[in-house]
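Hello,

Here is the structure I promised to pass on to you. Have a look at it first, and then read my notes below.

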Amino acid sequence: MASERIAVVALGANLGDRAETLGEALRRVEAAGARVLAVSSLYETAPVGCATGAPDFLNAAAALSAPAGTTPERLLATLAATETALGRERPFPNAPRTCDLDLIFFEAETRATPSLTLPHPRWRERAFVLEPLAEIFEGGGARLAREPWRTLRRETLDALAAADRSGVRRAGTFPWKR
C-alpha cells in the first residue's frame with residue numbers, strides 16, 4: 001500500500017514468560033491497528049545496564065505497517081500503552097522488565113524531542129538490536145527492499161560487522177501468532 005507507514009520496533013523482556021509476553025505485545029499492537037510485516041527470531045542476551053543478577057533478556061525485532069496518518073508519536077504511545085498493559089514498571093532506569101518496545105525507525109523520519117528520538121539513539125551500539133534488525137532486513141520482502149530501508153539495511157549490516165556479538169545467542173523462532 002502506498003499510504004502505509006512502515007516502522008521497525010525492537011522488543012525485549014527479561015521477566016515472566018518472556019516469549020509469550022513478546023508475542024502478546026505484537027498481538028496487541030496489531031489489535032491497535034498496525035500490521036506485522038516481518039518478525040525476527042528470538043535472541044537471548046545478558047542484560048545491559050541492569051542490576052547485577054538480573055535475568056537474561058529475550059530480544060526480537062518486528063517491521064510494522066501502520067495505517068496512513070499514523071505519526072511516530074502515536075505509534076510510540078501505542079507501544080508505551082502495550083508495555084504498561086503487560087506489566088512494565090519503571091522503578092529505576094534499566095530495571096528488569098516484562099516488556100520493552102523501542103521504536104527504532106519510522107520510515108526515514110527523524111525526531112529529537114524530549115519524548116522521542118528517531119532513529120533510536122543507540123540502535124547502532126547494541127548487538128541485541130542489530131542481530132534481529134539484520135534478520136528482518138534480509139527477510140522483510142519488497143517493502144523493506146526500497147528506500148529508505150535499503151540504506152538502513154546497509155547501515156545495520158555495517159554496524160553489526162563492527163559489533164561485539166559474543167553475548168547474543170539465537171534462541172529460536174518467534175512463535176508470536178496464535
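Let me start with two buried residues: phenylalanine 105 is buried, and tryptophan 123 is buried as well. Buried here means under 20% relative accessible area, while exposed means over 50% and partly exposed lies in between (1.4 Å probe, protein chains only). Please keep in mind that this is a predicted model, in which local features need pLDDT of at least 70 and side-chain atom pairs count only at pLDDT 80 or more, while totals for chains, interfaces and linings use all residues. Residues are numbered from 1 along each chain as its sequence is written, and side-chain values use heavy atoms, with hydrogens and water left out.

**Aromatic rings**

A pair of aromatic rings is described by the distance of the centres and the angle of the planes. Rings of Phe, Tyr and Trp (its six-membered ring) pair if their centres lie within 6.5 Å; planes under 30 degrees apart count as stacked, over 60 as edge-to-face and the rest as tilted. There are four aromatic pairs in the structure. In one of them, the ring centres of phenylalanine 105 and tryptophan 123 are 4.9 Å apart with the planes at 75°, so this pair is edge-to-face. The two residues sit in distant parts of the chain, 18 residues apart: phenylalanine 105 is in strand β5 (residues 100-106) and tryptophan 123 is in the loop between β7 (117-118) and α3 (127-139). Helices (H or I, at least four residues) and strands (E, at least two) are DSSP runs, numbered from the N terminus.

Phenylalanine 105 also pairs with tryptophan 149: the centres are 6.1 Å apart and the planes stand at 75°, so this pair is edge-to-face too. It links strand β5 with helix α4 (residues 149-162), where tryptophan 149 lies, 44 residues apart. Tryptophan 149 is buried, like phenylalanine 105. Ring pairs join Phe105, Trp123, Phe137 and Trp149 into a cluster.

**Salt bridges**

How many salt bridges does the structure hold? There are 17, each being a side-chain nitrogen of Lys or Arg within 4 Å of a carboxyl oxygen of Asp or Glu.

- Glutamate 4 and arginine 35 meet at 3.6 Å, N to O. Glutamate 4 is in the segment before β1 (5-13) and arginine 35 in strand β2 (residues 35-39), 31 residues apart. Glutamate 4 is buried at 6% relative accessibility, whereas arginine 35 is partly exposed at 34%.
- Aspartate 100 and arginine 88 meet at 2.9 Å, N to O. Aspartate 100 is in strand β5 and arginine 88 in the loop between α2 (72-85) and β5, 12 residues apart. Aspartate 100 is buried, at 13%, and arginine 88 is buried, at 14%.
- Glutamate 155 and arginine 124 meet at 2.6 Å, N to O.

Look also for Arg5, Glu73, Glu109 and Arg111, which salt bridges link in a network.

**Asparagine 14**

Finally, find asparagine 14 in the loop between β1 and α1 (18-31). Is asparagine 14 buried or exposed? With a relative accessible area of 2%, asparagine 14 is buried. A polar atom of its side chain lies 3.0 Å from the backbone oxygen of proline 55, and one lies 2.7 Å from the backbone nitrogen of arginine 97.

Technical notes: A polar contact is a pair of N or O atoms within 3.5 Å; within protein, one must be able to donate a hydrogen and the other to accept it, and residues adjacent in sequence count only if both atoms are side-chain atoms.
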